[in-house]
Amino acid sequence: MSLLNHISLNVFLSLMVLIAPLCAFMATVFGGRKISGGLLAVTAMCISVIGSIVVFVNVWNGEQIHEQITWFTVGANEFKAGIILNNLSVLMMVLISVVGLPVHIYSVFYMKGDPGIHRYWMYLSLFCFAMLALVMADSLLLMYVCWELVGFASYLLIGFWFTKEAAIRANKKAFLINRIGDLGFLIGICILYSQFQTLDVELLFGEQGFINQAVNDGVRWQFRGASVPAVWLTLAGTAFFMGAMAKSAQFPFHIWLPDAMEGPTSVSSLIHAATMVAAGVFMLVRISPLFDATVLLMIGSIGAFTAFMAATIALTQYDIKKILAFSTISQLGFMMVAIGIGQYGVAMFHLVTHAFFKCLLFLAAGAIIHEMHHVRDQNQLDFDPQDIRNMGGLRKYMPKTFRLTLIAALALAGLPLTAGYLSKDAILIYAFEWAEWRSNIWMIVPVSLLLTSALTAFYIARLVFKVFYGKFRLALNYQKTIALYEAPVGMRYPMTFLALCALFPLFSYNPLVFENVWLLNGFDKTEALQRVNIYHTVVPAAVNSISIIVIFVAWRWYARLKYPLKGTGVFFKFSLNQWYLDAVYHKLIIKVVKWFSRILYAFDRTFVDGLVDKLGRAIPLLANMVEWVDRKLVDGVVNGAGTLSNILGDTFRNAKSGRVQQYLFSMFLFFLIILFLGISFF
């Protein structure tokens, strides 16, 4: 009772935010198929939304709240666990629950009739609980536990339709690649603990934390008498970044995310918006004081390359969900660049805006796929409902879905009046200012981002024009009348809410200047950068001019069907085959691993097992020999001695017969033997 009295209102509400989805998960575990309507999961998420908003209002830009209890002890070392509430964690709490609620409501209608629906709600509640726990955790060890739980829940959701071979391959791929990254996370934890003997986030990364107090003179990394080579600081930062690369699908660990589209589309929307892939960006911002200049350059460089690479792949894909998946990888690259240049608040701002418009894009894609499935089943046709080459002209059948998709597409392209415009401009402008004060070679980072922005506008325009403009290609291909209808209201309302969040008023009263965004004032600004006014004018103008031009080109190519290319060129195939990275991994890694595994298997079968088998066969032979020696020799000697004793006994017993003639004969015989031996010897 005293403990409850000690807990403040904000801590109590935060625990309620966390426990609500956990209770929904547990109830579904024990209720089984009886709990299949989703009411419990939706109610739990409503509680999380209300609680997280109240906590956000109370904590944002206020004093940090940190509560913890003793978790366990090892010898003299005490490990604590608790929750930490500051601007970063309460922002993520609101984002996860506010984006999660429309996804839950949408799922009630989208997943209706699925035979495994009770498992769906169970996995979804576990997923949300794990992500909420991750952002509240005040210890790196507790973060790691939640990090693994997020990965496990995503494994279950990606392979939700486990009777499909593709779904099984996809969830195994996601699981294995994330385990590689998790190894980096674990190594980072070990390095920090060995240096500071604590995993407390506040003690390590707070303003007066150990990381800030530690001295790095370029040779040694010193803290309170403990000292290690300075390279360990770089290694620790690199190890944590490795974990983030896998979770946030950055090159070269990005290949699991496009395949993860095998899960339900509503799951894809959540994974791509506010949970799984956002975890890597969140983690890097949480531990940002750790990074030295080398690690920051690495993060920025890989982020810029990943953004460009994924955008070029998205240009030619035909699967509507894969286009969006590569778009997510590209946008995550933008966030990584923001972290690399030290603009952590801008990274979080783009994470938030991206969560709203990317979730909307996936839900809109789900509505289209939902209708295409109905068309395929009702007309008993055989086609891929996710292939945009079967679509076209859907604006006529699904006008409301079209308008919602258009808002999200404009936000992704970074055009004015949208939230995406503000966050993308912030990254681009800061990237140019960052490069301005470095050597010219680093200008490649902002320039590549500018080029990636143009590619983004093109591939999302291609998607919109191929899906919603022109004529319905499926009807043309099968030469029959086919009609589609709007998604149910229960699916459209959540999309409408997300569309409103994707516009600028949620973040700023000024639709054209990102400096007025309230969210950015909640994070520290990098003082090292100096404002270069020309970039604040030229960059937005350049981005929007280029975007409008490429959208016009896409309109001519895909809406007016004046496509000038054949689609058989080298660059087209290079993009369509995803830079052949899967094939390269297959040949250089998977085949090598399989080849090495076969060698080990053969060694085990022929040498180890052969040796064991031969020893197995030799042991009975040896046992038979021992048995023969024992029986023939040992027992023979013993038995022979016994027999001899019997003979001698009989002989001597018979010698005492009492007959004088026999005694005389025996003495005479003994005398002859002695005489014979004496003559023979001498």
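Mentor: A crossing is left-handed if the near helix is turned anticlockwise from the far one by less than a right angle. Keep in mind that this is a predicted model.

Trainee: Which handedness does the crossing of H14 and H15 have?

Mentor: H14 passes H15 in a left-handed crossing.

Trainee: What makes H14 roughly antiparallel to H15?

Mentor: Their axes cross at roughly 160 degrees. Angles over 145 count as roughly antiparallel. So H14, residues 293-314, is roughly antiparallel to H15, residues 320-340. The two axes come within 7 Å.

Trainee: Which residues of H14 and H15 meet?

Mentor: On H14 they include Leu-296, Ile-299, Gly-300, Gly-303 and Ala-304. On H15 they include Ile-323, Phe-326, Ser-330, Gly-333 and Phe-334. By class, this contact of H14 with H15 has 15 nonpolar, 6 polar and no charged residues.

Trainee: Why is H15 called roughly antiparallel to H20?

Mentor: H15 and H20, residues 444-468, pack at an angle of about 160 degrees. The cut-off is over 145. Therefore H15 is roughly antiparallel to H20. Their axes are 11 Å apart, and H15 passes H20 in a left-handed crossing.

Trainee: What are the classes of the residues in the contact of H15 with H20?

Mentor: There are 11 nonpolar, 6 polar and 1 charged residues. Among the H15 residues are Ile-320, Leu-324, Gln-331 and Val-337. They meet H20 residues including Leu-449, Tyr-459, Arg-462 and Val-467. Arg counts as charged, so Arg-462 belongs to that class.

Trainee: Why is Ser-448 called buried?

Mentor: Its relative accessibility is 15%. Buried means under 20%, so Ser-448 counts as buried. Ser-448 is in helix H20.

Trainee: How far apart are the C-alpha atoms of Ser-448 and Leu-132?

Mentor: They are separated by 34 Å, and the two residues lie 316 apart along the chain.

Trainee: How many disulfides does a search of the whole structure find?

Mentor: It finds 0.

Trainee: What rules out a bond from Cys-359 to Cys-501?

Mentor: The same test. For Cys-359 the closest cysteine sulfur is in Cys-501, at 10.0 Å. Against the 2.5 Å limit, that is too far for a bond.

Trainee: Are Cys-128 and Cys-359 buried or exposed?

Mentor: Cys-128 has a relative accessible area of 0%, so Cys-128 is buried. Cys-359 is at 0% relative accessibility and counts as buried. The cut-off for buried is under 20%.

How values were computed
Residues numbered from 1 in each chain as written. Predicted model: local features only at pLDDT ≥ 70, side-chain atom pairs only at ≥ 80, totals over all residues. Heavy atoms only, no water. Axes fitted to C-alpha atoms, helices over the stretch in contact; angles between N-to-C directions. Helix = DSSP H or I, 4+ residues; strand = E, 2+ residues; numbered from the N terminus. Parallel < 35°, antiparallel > 145°, perpendicular 65-115°, else oblique. Contact = heavy atoms within 4.5 Å. Buried < 20%, exposed > 50% of the residue type's maximum accessible area, 1.4 Å probe, protein only.
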